[in-house]
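Biologist: Thanks for sitting down with me. Could you walk me through this model, one question at a time?

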Amino acid sequence: MASSTSSSTLSISSSSTLIDAKPPCRQSTSPHCVSLPTLPPPVQSQTQTRPWKTPAFCRKIARNVMSKVSSTTTETATAPVDPVATSAEQLSVSDSPEFLKTIQETWEKVEDKYAVSTIAVAGAIALWGSAGVISAIDRLPLVPGALEVVGIGYTGWFAYKNILFKPDREVLVQKIKGTVKEITGIDI
């Protein structure tokens, strides 16, 4: 009995129908009524609305593509040869084998290929793992912002200690040159 009284108090009306023998209410006057939008008419036929799905239309597109391809090949065959373009193509083709030859020569000079391969694979795995850790840290709340503040602070401190004054810059340059010479053996 309680359910019948509660259902009669709420009504849903459309703009053109009567529900529970009540006239449709306006949106601005009563917040209890809900008007529903009208639905679009149903689609008559799929083939009429989508002609690109028909096989005849696909054949027509294929004919157009083939005719354009055949016309462009005849145009390119009669077009004059551009010396700048051909030299650019030769340059890009000739650079690639030299680069590969350099890599092959360097690989042939390596004595312990197994160790170099292992180090390369371990480095790739470490890079992948560190990217995952950084991604996980980046998703934590407040941590990315705190790390950014720490980075800005360290950058400011480094600039103050090593770059701001001329004697400090000279010492930094000497440290960098010494490190490069120690690693590579080349004096800069």
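Modeller: Happy to! Keep in mind that this is a predicted model. A place to begin is Val133, which sits in helix α5 (residues 113-139).

Biologist: Is Val133 buried, partly exposed or exposed?

Modeller: Its relative accessible area is 49%. Buried would need under 20% and exposed over 50%. Val133 therefore falls in between and counts as partly exposed.

Biologist: Which residues make a nonpolar surface patch with Val133?

Modeller: The patch covers about 340 Å².

Biologist: How many helices and strands does the protein chain have?

Modeller: From the N terminus on, the elements run α-α-α-α-α-α-α. The count comes to seven helices and zero strands.

Biologist: What share of the residues in the protein chain is buried?

Modeller: The protein chain has 188 residues, and a residue is called buried when its relative accessible area is under 20%. On that basis, the buried share is 3%.

Biologist: Are the rings of Tyr154 and Phe158 stacked, tilted or edge-to-face?

Modeller: Tyr154 and Phe158 are four residues apart in helix α6, so about one helical turn separates them. Their ring centres lie 6.4 Å apart, with the planes at 35°. Stacked needs planes under 30 degrees apart and edge-to-face over 60, so this pair is tilted.

Biologist: Which residues do ring pairs link into a cluster?

Modeller: Tyr154 also pairs with Trp157, at 5.5 Å centre to centre and 35° between the planes. Both of these residues lie in helix α6 (residues 143-162). With the ring of Phe158 included, the cluster is Tyr154, Trp157 and Phe158.

Key. Residues are numbered from 1 along each chain as its sequence is written. This is a predicted model: local features need pLDDT of at least 70, side-chain atom pairs count only at pLDDT 80 or more; totals for chains, interfaces and linings use all residues. Side-chain values use heavy atoms; hydrogens and water are left out. Patches are made of residues with over 30% relative accessible area and no salt bridge: like charges are joined within 9 Å, nonpolar side chains (Val, Leu, Ile, Met, Phe, Trp, Tyr) within 5 Å. Accessible areas come from the Shrake-Rupley method with a 1.4 Å probe; for residues, only the protein chains shown count as cover. A salt bridge is a side-chain nitrogen of Lys or Arg within 4 Å of a carboxyl oxygen of Asp or Glu. Helices (H or I, at least four residues) and strands (E, at least two) are DSSP runs, numbered from the N terminus. Buried means under 20% relative accessible area, exposed over 50%, partly exposed in between (1.4 Å probe, protein chains only). Rings of Phe, Tyr and Trp (its six-membered ring) pair if their centres lie within 6.5 Å; planes under 30 degrees apart count as stacked, over 60 as edge-to-face and the rest as tilted.
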